[in-house]
Amino acid sequence: MAGWLKRLLPKRFRNDSVVIPVVRLHGAIMSGGGKFKPHLNLASVAPMLEKAFSKKDSPAVALSLNSPGGSPVQSRLIFDRIRALAEEKHKRVLVFVEDVAASGGYMIALAGDEIIADSTSIVGSIGVVSGGFGFPELLKKIGVERRVYTAGENKVILDPFKPEKESDIEYLKALQIEIHQVFIDMVKDRRGSVLSDDPSLFSGLFWTGRRGLELGLVDSLGDMRSEIKKRYGKDAKLELVSGARDFFGRRVPGVSVATDGMGEIAAAAVSGLAETLEERALWSRYGL
């Protein structure tokens with residue numbers, strides 16, 4: 001009901017309880033994804049964020065966050081979109097950490113005006129990591145000759161089928177340091193006034209929510225339902241905002257280009273296996 005029309009009704013007929021929209025930001029942060037395995041990225045969450053921040057009568061938006069990190073680019077894009085909408089719609093952003101908000105997940109948490117975690121949540125991991133495998137001897141053992149032709153002497157940098165080169169590692173480290181500094185600057189900008197002077201803060205370590213409170217990484221300890229009712233009254237309600245769904249009820253993560261059915265299924269199966277292993281590795285770093 002429109003606000004002006006609602007005010008015309010007698011008080012006994014009005015429902016004056018505050019409604020707080022909730023957006024779930026759960027999963028590893030990766031670009032891409034599709035109908036078979038949606039990922040947490042800007043394409044998948046933008047429609048839900050737009051919908052949540054468009055609730056005119058809601059004074060705040062609550063974000064339920066549970067992510068071990070992933071792509072720093074997608075993390076920053078989600079952060080930027082949340083802050084832009086908060087300023088445009090004049091909404092307060094409350095981030096509630098569930099199991100973990102680490103690395104890119106914590107970068108997203110920085111978009112909150114307040115970060116509320118459970119005592120046993122995992123927060124932090126303010127650092128940058130790159131990983132992979134090397135197979136320099138595998139091709140010899142199976143009798144396969146590696147043939148690569150490039151224009152540009154560094155087009156095969158960090159090739160997993162060649163021995164590591166010190167110059168490649170130094171270049172990668174330089175990129176990591178640059179990205180790490182961007183992350184550090186974001187933390188200082190958003191949390192600077194409450195951060196502790198602990199020397200391990202930007203070392204990549206992670207902590208419980210209770211320790212995160214002492215370090216200034218979170219603002220308080222609690223759960224979403226209790227906090228919302230404490231702030232907006234016992235009749236305040238939470239309203240989960242969900243994205244568009246397909247014919248089978250599965251969430252649509254974004255726009256994708258259609259391909260032939262069997263080819264799409266086969267491609268999804270192959271890429272999905274690698275992505276599942278990568279996602280599993282991200283969660284396992286925090287014992288989850």
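**Helix packing and nonpolar cores in a predicted model**

Residues 24 or more positions apart account for 72% of the contacts (heavy atoms within 4.5 Å) that have a separation of 6 or more in the protein chain. What you see is a predicted model, in which local features need pLDDT of at least 70 and side-chain atom pairs count only at pLDDT 80 or more, while totals for chains, interfaces and linings use all residues. Residues are numbered from 1 along each chain as its sequence is written, and side-chain values use heavy atoms, with hydrogens and water left out.

The protein chain has nine helices and eight strands, taken as DSSP runs numbered from the N terminus, with H or I over at least four residues for helices and E over at least two for strands. Of its 288 residues, 36% are buried, where buried means under 20% relative accessible area, exposed means over 50%, and partly exposed is in between, with a 1.4 Å probe and protein chains only.

Let me turn to the helix pairs. Helix H2, residues 42-53, packs with helix H3, residues 72-89, at an angle of about 15°, and their axes are 10 Å apart; axes here are lines fitted to C-alpha atoms, for helices over the stretch in contact, and angles run from 0 to 180 degrees between N-to-C directions. H2 and H3 are therefore roughly parallel to each other, given that angles under 35 degrees count as roughly parallel, over 145 as roughly antiparallel, 65 to 115 as roughly perpendicular and the rest as oblique. From H2, the residues that meet H3 include Leu-42, Val-45, Leu-49 and Phe-53, and on the H3 side the partners include Leu-77, Ile-78, Ile-82 and Leu-85. By class, this contact of H2 with H3 has 10 nonpolar, one polar and three charged residues, with Ala, Val, Leu, Ile, Met, Phe, Trp, Tyr, Cys and Pro counted as nonpolar, Asp, Glu, Lys and Arg as charged, and the others, Gly among them, as polar.

H3 also meets helix H6, residues 166-191, and the axes of H3 and H6 come within 12 Å and cross at roughly 25°, so H3 and H6 are again roughly parallel to each other. Here Pro-72, Arg-76, Phe-79 and Arg-83 in H3 meet Ile-179, Val-182, Met-186 and Arg-190 in H6, a contact that divides into five nonpolar, no polar and three charged residues.

What, then, makes up the largest nonpolar core? A nonpolar core is a set of buried Ala, Val, Leu, Ile, Met, Phe, Trp, Tyr and Cys residues joined through side-chain atoms within 4.5 Å. The largest has 43 residues, and those with the most contacts inside it are Leu-25, Leu-63, Ile-82, Tyr-106 and Leu-217. Among the elements that give two or more residues to this core are strand S1 (19-26), strand S2 (60-67), H3 and H6, while H2 gives the most, with seven residues. Apart from this core lies another, of 10 residues, among them Ile-20, Val-22, Ala-62 and Ile-228.

Finally, two backbone details. His-90, in the loop between H3 and strand S3, has a positive phi of about 55° although it is not a glycine, and His-90 is exposed, with a relative accessible area of 69%. Ser-125, in the loop between strand S5 (122-124) and helix H5 (138-142), likewise has a positive phi of about 55° without being a glycine, but Ser-125 counts as buried, at 3% relative accessibility.
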